[in-house]
Amino acid sequence: MATDLTAPRTAAGPEVSSIQRRTLRLLFTTQIIGGIGVTIGIAVGALLAARIAGTAVAGVAQSAGVVGAALLAVPVTRIMARHGRRPGLVVAYAVGAVGGVLVVLAAATRWVPLLFLGMLLFGGGTAANLQARYTAVDLAEPARRGRQLSLVVWATTIGAVAAPNFAALADRATTGWGLPPLAGPFAFSSVAFVLAAVVLLGLLRPDPLLTARRLAAAEAPADGGGGAATAAAPVGVRAPRGAGMRAAWSVVRGRPAARLGIAAVAVGHLVMVAVMAMTPVRLGESHADADVLRLVGIVLSLHIAGMYAFSPVVGWLTDRLGRRAVILGGVGLLLAACAVAGTAGHDTPRLSVGLALLGLGWSGTMVAGSTLLSESVAADVRPSVQGLSDLIMGLAGAGAAVVSGFVMQFAGYPVLTLLAAVAAVPLVALALRPVPTGAPDEEG
């Protein structure tokens, strides 16, 4: 049975196309704003945590933001499943703004528990940015899903690439406010999250997920006896109460394509976080404090450019070559990135190349994996399955961030990159696994 319940239909084509174009423009704008907020915090988070609590704990503090994004995916997607994308995205950004304020207070008081709580809630900004990519495909035509999802991912580039370089400016600008060093960027992040939430609250109408469900419900075959109609009933305006994480897990277990999509997103994120989180600390080992923020800004800008700048090309390849081919290409880039960064020593240009490749590999696994996952499940459980994916992805990244700090302290950066490369290998076997002929949930 076909699982695509949200593809635009002929009768409603012009109306759906208009809503989709408007949704994409709005998401493009808010991804720029949200990207600035998230990336400014990421750029200085490890350094701030290292100065407050020590290098080993820096990875744990960074992981708190990743865990926050993962855990928030559960209530956020539950809100989306019941009420649509708009309230879910607004709540996620609002939580992220509160987290940024708490990090500023933690930096001022040097209270480590408050720092962890703030970083945990700060993950709301990441959760919102990640869920926006799924919002982009609710009404997308099947042949353009990869490109339209990647367009929203790419929008983050404009804000995210420049944001690390704004960290030093934000830090200097808030010195007169009495804030301690490295706290100012988080204050700017909170302002950005609030702005993104306000824009979405006022303008994301009609809600794309609810519109997709209405279209699916309108095309469901009528059945006075309750047979087919009962089966189609969950795809009305609201999802059924049972469409939670347990139902999502049951669906994923029975669909090879959904399992591969989740694995691609999670493994790609794990490798990226493990290497990226400790790169600022690596730079701090060989450069004076006066130069660290500038170099971190440059290196992370190149890394984020790799993550987002080429995502439209990645999306086009996803639609042209297939989801599995792009996933495999992404894994290959991740392995190359670990090899280059791990052997760079204190050669900053070589390290920058490695981080750029790391971002590009992440883009391949994220765009292709998310597209494959979204088209592999029915509309009534889609938000829950997407939330499950982001939960697994976040926990994988959080575990990598926690371990990375200890590996960095006791074994060094080269060993960290080697372990990250080893973690990516099983995904190759899963992507190359033969697909049963006629499997209904695989791409055509």
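1. Let's start with one serine: Ser190 counts as buried because its relative accessibility is 7%, and buried means under 20%. Keep in mind as you read that this is a predicted model.

2. Where does Ser190 lie? You will find Ser190 in helix α6, which covers residues 184–203. Setting aside neighbours within four places in sequence, Ser190 is in contact with Ala97, Gly100 and Val101.

3. Now for the charged pairs. The count of salt bridges comes to six. One of them joins Asp138 and Arg85, with the closest N and O atoms 2.7 Å apart. Asp138 sits in the loop between α4 and α5 while Arg85 belongs to helix α3, so this pair ties together parts that are 53 residues apart in sequence. Both Asp138 and Arg85 are buried.

4. Next, have a look at Glu375. Arg145 forms a salt bridge with Glu375, and their closest N and O atoms are 3.2 Å apart. This pair links distant parts of the chain, 230 residues apart: Arg145 is in helix α5, and Glu375 is in the loop between α14 and α15. Arg145 is buried, at 7% relative accessible area.

5. Glu375 has another partner, Arg323, with the closest N and O atoms of that salt bridge 2.8 Å apart. Here the two residues are 52 residues apart, and Arg323 lies in helix α13. Both Arg323 and Glu375 are buried.

6. Which residues are linked in a network of salt bridges? They are Arg145, Arg147, Asp319, Arg323 and Glu375.

Conventions:
Residues numbered from 1 in each chain as written. Predicted model: local features only at pLDDT ≥ 70, side-chain atom pairs only at ≥ 80, totals over all residues. Heavy atoms only, no water. Helix = DSSP H or I, 4+ residues; strand = E, 2+ residues; numbered from the N terminus. Buried < 20%, exposed > 50% of the residue type's maximum accessible area, 1.4 Å probe, protein only. Contact = heavy atoms within 4.5 Å. Salt bridge = Lys/Arg side-chain N within 4 Å of Asp/Glu carboxyl O.
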